[in-house]
Each structure stands twice: as structure tokens, then as C-alpha cells.
Amino acid sequence: MPTLKNDPGRGMEDNLKRAVTEMLVLTLLSREDLHASQITQRLDQESGNTLRLASPYMLFYRLIENGYIIEAYKKIAPDGRRRQYYQITEDGIRYLADLLSCYHRITNGVALLLGEDGRTTGK
């Protein structure tokens, strides 16, 4: 069944994905330096193909502007193209810790409200 554009469930899904993408990109970069296509591939793969970052550069620029990541260095890929590698900063590590704390607080509260199985109980 196709999803309608004004479907509230779809809007909620889109907003949730947008809200956690920054946290997940920082998480990936906290593990190792990566270039843009590695970040998008890993985000897709490690989320079980549920999160796709079609246009990552606006997110990268925002993270750079806020001092959370830097354009660290460039390497030549096997295909001859230059790849820009991104690296998390100390401020980015602190920001990621804050994001994770907030995320866990909210998701734990939601789980409590919905019940252990994640379904509403209703009356």
C-alpha cells in the first residue's frame, strides 16, 4: 500500500530519522575517520537499511560550522578520485555524549509509557 504524503505516520518517521541522523553520523565518526560515501553506506547498512542519507553535505557543513567535525585529510581512492575524510573533534565527542544522553532519556521514557512490549495498552 503506498504511503500518502500527508500520512501522519510518515511525517513522524521522517522527523525521527532527521532527529537521530546527526547523532548517528557522529557515532560513526567516533569510531574512525570516514569519507562521505563510507558514512552514507555504513549508516544504511548498520541501521538495517532503515536510514539513508541521500545528501550528506548539508549535515556535514552544519557539523563543521558548529565545530563538531573537521575535514581532516584527503586520500586517493583506488578509482583515482580524491576522498575527503571527516574526523570528530573534542567538541563533537562532548556533543555526541549529550545527544546520546538525551536520546536515551527520551526513548526510555517512551518505552515506559508504552509498556515493555512497545504497544499501547489502551483501556
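Biologist: Where does Met58 sit?

Modeller: Met58 has its place in helix H3, and please keep in mind that we are looking at a predicted model.

Biologist: Is Met58 buried or exposed?

Modeller: Met58 is exposed, since its relative accessible area is 57%, which is over the 50% cut-off. Together with Tyr57 and Tyr61, Met58 forms a nonpolar patch on the surface, and the three have about 350 Å² of accessible area together.

Biologist: And which residues of H3 are buried?

Modeller: In H3, which covers residues 57-65, the buried ones are Leu59, Phe60 and Leu63. They lie on the same side of H3, because the arc that they cover around the axis is only 100 degrees. On the other side of H3, Met58 and Glu65 are exposed.

Biologist: What comes after H3?

Modeller: H3 is followed by Gly67, which has a positive phi, near 80 degrees. Helix H2 is likewise followed by a glycine with a positive phi, Gly48, where the value is near 65 degrees.

Biologist: Which residue has a positive phi although it is not a glycine?

Modeller: That is Asn49, with a phi of about 65 degrees, and you will find Asn49 in the loop between H2 (36-46) and H3. Asn49 is partly exposed, at a relative accessible area of 45%.

Biologist: What does Asp44 pair with?

Modeller: The side chain of Asp44 meets that of Arg52 in a salt bridge, at 3.4 Å from N to O. Asp44 is buried, with a relative accessible area of 17%, whereas Arg52 is exposed, at 63%.

Biologist: How many salt bridges are there in the whole structure?

Modeller: A search of the whole structure finds 7. One of them joins Arg31 to Glu46, with the closest N and O atoms 2.6 Å apart. Because Arg31 lies in H1 and Glu46 in H2, this pair ties together parts that are 15 residues apart in sequence.

Biologist: What about Arg94 and Asp91?

Modeller: Their side chains meet in a salt bridge too, at 2.4 Å from N to O. Arg94 and Asp91 are 3 residues apart in helix H4 (residues 90-114), so about one helical turn separates them. Arg94 is partly exposed at 48%, and Asp91 is partly exposed at 38%.

Biologist: Last topic, the strands. How do E2 and E3 run?

Modeller: Strand E2 (residues 69-76) and strand E3 (residues 82-88) run antiparallel and are joined by 7 bridges; in this pairing, Glu71 stands opposite Tyr86 in E3.

Biologist: How many residues lie between E2 and E3?

Modeller: There are 5 residues between them in this hairpin, and Gly80 in the turn has a positive phi of about 90 degrees.

Technical notes
Residues numbered from 1 in each chain as written. Predicted model: local features only at pLDDT ≥ 70, side-chain atom pairs only at ≥ 80, totals over all residues. Heavy atoms only, no water. Pairing = 2+ DSSP bridges. Helix = DSSP H or I, 4+ residues; strand = E, 2+ residues; numbered from the N terminus. Buried < 20%, exposed > 50% of the residue type's maximum accessible area, 1.4 Å probe, protein only. Arc of directions from axis to C-beta. Patch = residues over 30% accessible without salt bridge, like charges linked within 9 Å, V, L, I, M, F, W, Y side chains within 5 Å. Areas by Shrake-Rupley, 256 points an atom, 1.4 Å probe, with all protein chains shown as cover. Salt bridge = Lys/Arg side-chain N within 4 Å of Asp/Glu carboxyl O.
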